[in-house]
Amino acid sequence: MPTLSIKLPLFEPTKTKEEMYETMRSRFSLACNKVLELKKDNPKLKKSEIDRLLSEIELPSTLHQEARKLALSRYQDWKKNKKTKGFPSFKEKISILFNNQNWQLRFDNGYLKVGIPTVEEGNLTMDKYVPVKVNAYSLFWVNYYLTGEMDKESKYFQSAFEEISKAKKGSAQLYYKKEHWYFSFSLSFELKEKNKAEKSIGVDRGLRLVAVAGNPETGKYITFNGKQMGHIRRKFSRLRHKLQKAKNTKALKQLEDKEQRINKYWNHVISKRMVEFALECGASMIKIEDLSGIRSMKKFWKRSDRNVNSWAFYDLESKLTYKAMLAELSVQKVNPYKTSQECSKCHTIKKSNRRKDVYKCSSCGHKENADINASFNIASRPSIVNEDNPAA
Ligand SMILES: [Zn+2]
């Protein structure tokens, strides 16, 4: 998380205030040194016991705790380097520390004011807040911290700041340096989710090309030429018909096992490459058609081949899902309605635009390989939200 530190000089503090801060600073230093002495005498002394002994020093209890934390860390540091370092001690004029919950900033009567726990009587009311000086730079960040609105007209604004979603206040300190009292504090920033989360590639699964993955934003795609597999599939298909006719179930089983092994291998290769492609595109989502409806399966295969091929289809889907998960990508399903008849440029849907391998749009003139065009459409469609698709 990025952080920055803002330094604000106190604005004309009264003599009374200054003396009060000096008293507070001396006591804070005293508390720190007391913790060190206590630990020196009894290294096993518990935190609760330290706090009880510190309460004798007149300070807000939150400053007892800050003193204890600061001194204990100095003590631990010394313990590690005992041989080379002398026993630590704190100067009288040190910075007083406040944790993130113990300071406030407010605008009041045209002044920016700081509220911190002090040794003044009574509760911390607005009249005990102390005014601070702001310059244009600190005002830019203070305004953002207080309102959540960033001034884009300011000369301190940078486009990189658009990535910031929230400012959170951190610890602060009050100190005296070169004749002036200062209050400084840190802000840390939460960043917006990266745009990456919205990018996706689409995967079209078909027969002629085994699969196509496309990124419509860049126009890039990868294809898996199905020629070789088409040949194998036809061969298997012919053999299967023969064996089915002859009712040779044993040979049929062997054939299907062999075909399954080949399909598994290819699906492994294809899914691996698609995940690589998604990462190259800076995408976080891989979209595929939701083919759970039996009707949409008909567009791919003849009835007799359907079972074996649909098995390969879902095998590709599961391999893709698994490999995507390892790469921290998600696989999302989209409505498969006429993905091959839609123009990926102007989104007109027209059946006659698709002629075999080519999609040519009669509305905008866009011309593309039909499967690549379909993969772009798949990438652009919204994810279907259901229980299997929790990220959608
Ligand atoms: Zn078009």
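**A hairpin and a zinc site**

Strand 3 and strand 4 form a hairpin, with two residues between them. Asn-109 sits in the turn and has a positive phi of about 50°. The model is predicted. Strand 3 covers residues 104–108 and strand 4 covers residues 111–115. They pair in the antiparallel sense over five bridges. Asp-108 stands opposite Tyr-111 of strand 4.

Now turn to the metal. The zinc ion is coordinated by the SG atoms of Cys-343, Cys-346, Cys-361 and Cys-364, at 2.3 Å. The four donor atoms subtend angles of 105 to 113° around the zinc ion, so the arrangement is tetrahedral. The cut-off for that label asks that all angles lie between 85 and 135 degrees. In sequence, the spacing of the donor residues is C-x2-C-x14-C-x2-C. Cys-343 belongs to the loop between strand 12 (330–334) and strand 13 (354–355). Cys-364 belongs to the loop between strand 14 (358–360) and strand 15 (367–369). The pair therefore ties together parts that are 21 residues apart in sequence.

Cys-343 counts as buried because its relative accessibility is 0%. Cys-364 has 40% relative accessibility, so it counts as partly exposed.

Finally, the whole protein. Its secondary structure comes to nine helices and 15 strands. Of its 392 residues, 43% are buried. Among contacts with a separation of 6 or more, 63% come from residues 24 or more positions apart. The protein exposes about 23,000 Å². Carbon and sulfur atoms supply 49% of that area.

Terms used. Residues are numbered from 1 along each chain as its sequence is written. This is a predicted model: local features need pLDDT of at least 70, side-chain atom pairs count only at pLDDT 80 or more; totals for chains, interfaces and linings use all residues. Side-chain values use heavy atoms; hydrogens and water are left out. Donors are N, O and S atoms within 2.8 Å of the metal (3.2 Å for Na, K and Ca); water is not among the atoms, so sites may look incomplete. Four donors count as tetrahedral if all angles lie between 85 and 135 degrees; four count as square planar and six as octahedral if opposite donors are over 155 degrees apart and all others between 65 and 115; anything else is irregular. Helices (H or I, at least four residues) and strands (E, at least two) are DSSP runs, numbered from the N terminus. Buried means under 20% relative accessible area, exposed over 50%, partly exposed in between (1.4 Å probe, protein chains only). Two strands pair if DSSP finds at least two bridges between them. Contact means heavy atoms within 4.5 Å. Accessible areas come from the Shrake-Rupley method with a 1.4 Å probe; for residues, only the protein chains shown count as cover.
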